[in-house]
Amino acid sequence: MQFSFSREQEDLRSSLRDFLSRRSGSEARNRVLKSGYALDRGLWDSMAQQLGLLGLALPESVGGSEAGFLETSIVLEELGRDAYAGPYFSTVAASWVLQHAGEDGATTLEQLASGSRIFTLAIADEGGTWARPGHRTTAFEVADGHRLAGLKVNVTDADTADEFVVVADLPDGPAWFRVAADAPGVSVVMGESLDLTRPIGQLVLQDAPAILVVGPAAAGEILADVNDKAAVALSAEMVGGADAALRQAVAWSLERTQFGRPIGSFQAIKHMSADALVEVETARVLTQYAAWAIDERTPDRSVVASMAKQAASDAFSLAAGNNIQIHGGIGFTWEHSAHLYFRKAKATSALFGTAPQHRDRIADLLAV
Amino acid sequence: MNPTFSADVQAFQKEFATFLRELVPADWAGAGTLPREEYDAFAEKIRGQLYERGYIGVSWPQEYGGRGLSAEYQVAIAEELTRQGLPQGIASDVFGIQMFGSTLLAFGTEEQKQRFLPRILSGEDKWCQGYSEPQSGSDLASASTTAVLEDGMWRINGQKIWTSTAHLADWIFVLVRTDPDAAKHRGLTLLACPMDQPGIEVRQIQQISGEADFNEVFFTDAMTPEENTIGSVSDGWRVATALLEHERGGAAAVLAIRFAEELDRLEELARERGRHHEQDIRRRIAWCRSRVFAMRLMGYRALTRTLSGEGIGPEGAMNKLFWSEYHRVLTELSMDILGEDVLTLRGRRPAIPDGPDAPGAPTDSAGWITTFLNARSSTIFAGTSQVQRNLLAEKILGMPREPRAESSRGR
């Protein structure tokens, strides 16, 4: 029985936390609040090349270090804690599909691992979800490959990505394709993102040239796998964010004095914080187990992925909401980063299935 | 990360499972199918058979009747017992084995360990816990029951309350004030005291479910020998709180197994009534499933720490808060599924007054309603949810204590 991380995994966590506090941290958060989202390309390159974060779980042959999903979840938790503004989740999620491309995919994965090209997933059609994308984006074969036509919604980091990994229907079923952002017939329409650190847009495909990555025979299984992994990856991000919001609230409660004592000595504030702590730890243990289950491909991995996602969504919403309340007026201002986490809580909950949707899925999978 | 039992433990569990199957008929559907009146005797009987084969207190050292196995084995045993529909010991085991026994292992003298521990395991001695008083609930350190040492005997006067299983107990470990002049946390001592004596009177208290599982215990010149002092005189606060924190690693994992079985029965109830198609009910069950699984993982995390020799510290407070608050939500859900059937108590009442009922219990309304009523006790006993939240905020989050209004003296 060992429900804890190894020394190497703890080292990964602490070195990354240290790196982020130096290179990102409150300065980067303030930059987002002041001037909006802008990818820090130098930081991205360091994450890819210096720390090897993008190739963490990829084969050595493409420049990766062959670690597991558990290690990836540690990285995501720390990025969530930092409220990191960059396409890490999007790119790593794309790699879960690209890994199935066979030998042709090697160059793509090398570019992904080195950070030289940024990727994202484009799954849901209008009215569709990540689990059931719909059938309105179609693919047809031409002499030099394929062409895609359709509209993909809620695409994360759509304006940062160099390449999209897209689900589209061939005559014999859905398949995965790769589409370059600068190809003809490809355009992106950005929305106003609730999450200031994760831009959201629509991908418009008008007979856009595409490369087949995975055909209909395996595409469905990979989509299910992507949904499980994304749920756990986002849970890890949310556990980090929730913990950051909780710690920010506690730190403020020790500093802020009213009625002649720190507000953190009032039971009203302590009990709010203790409740948030319990929710964060609930989400944490479920996420850690789910990440392990994905690495081990245990039969319960889909159920526990949903358990983690619904718990992490609840924990983050509670902790981030408490954080604003405990800060009082200052917590409600644009300049304070409390709303950065509050926004992330709600937005990340909505990606790859809301908490109620995941509870429905748990009930279905357990045949309640 | 490998949240599974080691191969040795798995082999042990398999062997234990084979042994258990011999104890019950082939069509055994669980101890919850027994009438309430027969349950205690059955639990006692099974416990006796487990003891004979050395399955009680396996993690205790061999010299005191244990097997010196790791806490992992203890969890494996508890898991298998519930899986096979059998009781996890008798009601007083919580006080005898988990609380007093564990404390004695840490603080007792060699002579005390040899005298008390084997008899706790054999079931010859049943124990209860004398902490709360009418005027000392959450503020336990203000206890005012006194003990005075006279010619090698402690003379005890005062009153304890909310004492579960006192009416069945042979012994009580009782927190008493031995130095009225010291600051309140410093004048307390923990004593082991025999129950069968004229100076002790036990009066049962009827609880909100109508049953009487806890008691008032009156001490009027009750006597216990000096050698029954646990730890040092005036060090009782440290011993008593260590006892509360001495919750063995993995206790949450053990509880989670029973909660999972209870949730199976709740699903059965929903199916019987055709309510399992309702989205609201399905979502709440899914939430409960997640909660129970998280409880199990928290137990595994604590177990991991115990196995590596670390204490679980303030996380014990989190586990207590977690399961007791969960159980309130679960029992509310059972009431919503029953709908208008909550109006009358029909069928079998639960055999276990606090927490989930025995495995295999029927889905009768009397069972769920009684458990619903009794669930209100769990968020109060062994430290209220509010006290647990204070502990978490102070010990884990580092938030300051509230200024104390009272003087530092005991009375």
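This is a dialogue about how to read several features of a predicted model.

Reader: How many helices and strands does chain A have, and what does its radius of gyration say about a chain of 368 residues?

Author: Chain A holds 11 helices and 9 strands. The general idea is to set the radius of gyration beside the value for a compact globule with the given number of residues, which for 368 residues is near 21 Å; chain A has 21 Å, so the two agree. The C-alpha trace of chain A extends over about 80 × 45 × 40 Å along its principal axes, and 55% of the 368 residues count as buried. When contacts between residues at least 6 apart in sequence are considered in chain A, 74% of them join residues at least 24 apart.

Reader: Which domains does UniProt list, and where are they?

Author: In chain A, an unreviewed UniProt entry lists "domain: Acyl-CoA dehydrogenase/oxidase C-terminal" for residues 232-364. That span is 78% helix and 3% strand, and its end C-alpha atoms lie 18 Å apart. In chain B, UniProt places "domain: Acyl-CoA dehydrogenase/oxidase N-terminal", again from an unreviewed entry, at residues 8-124; this span is 62% helix and 0% strand, with 31 Å between its end C-alpha atoms.

Reader: How do helix 1 and helix 3 of chain B cross, and which residues make the contact?

Author: A helix pair can be read from its axes, and here the axes of helix 1 (residues 7-21) and helix 3 (residues 71-83) of chain B come within 10 Å and cross at roughly 35°. The crossing is right-handed. Helix 1 of chain B brings Val9(B), Phe12(B), Gln13(B), Phe16(B), Ala17(B) and Leu20(B) to the contact, and helix 3 of chain B brings Glu72(B), Tyr73(B), Ala76(B), Ile77(B) and Glu80(B).

Reader: Where two chains touch, how many residues does each chain give, and which element of chain B gives the most?

Author: The contact takes 41 residues from chain B and 38 residues from chain A. On the side of chain B that touches chain A, the elements giving two or more residues are helix 8 (279-307), helix 9 (315-338) and helix 11 (385-396) of chain B, and helix 8 of chain B gives the most, with 17 residues.

Reader: Is Ile369(B) buried or exposed?

Author: The idea is to count the other C-beta atoms within 10 Å, where 20 or more make a residue buried. Ile369(B) has 23 of them and is therefore buried. This residue lies in helix 10 (residues 365-378) of chain B and, leaving aside its neighbours within four places in sequence, is in contact with Val342(B) and Leu345(B). Ile369(B) and Ile230(B), 139 residues apart in sequence, are 40 Å apart from C-alpha to C-alpha.

Reader: Where is Gly54(B), and why does it count as partly exposed?

Author: Gly54(B) sits in the loop between helix 2 (36-52) and helix 3 of chain B. The C-alpha atoms of Gly54(B) and Ala192(B), 138 residues apart along the chain, are separated by 26 Å.

Note on methods:
Residues numbered from 1 in each chain as written. Chains lettered and ligands numbered in written order. Predicted model: local features only at pLDDT ≥ 70, side-chain atom pairs only at ≥ 80, totals over all residues. UniProt positions renumbered as here; feature names shortened; annotations may be inferred. Helix = DSSP H or I, 4+ residues; strand = E, 2+ residues; numbered from the N terminus. Rg over C-alpha atoms; globule rule 2.2 N^0.38 Å. Buried ≥ 20, exposed ≤ 12 C-beta atoms within 10 Å, placed from the backbone. Contact = placed C-beta atoms within 7 Å. Axes fitted to C-alpha atoms, helices over the stretch in contact; angles between N-to-C directions. Left-handed = near helix turned anticlockwise from the far one by under 90°.
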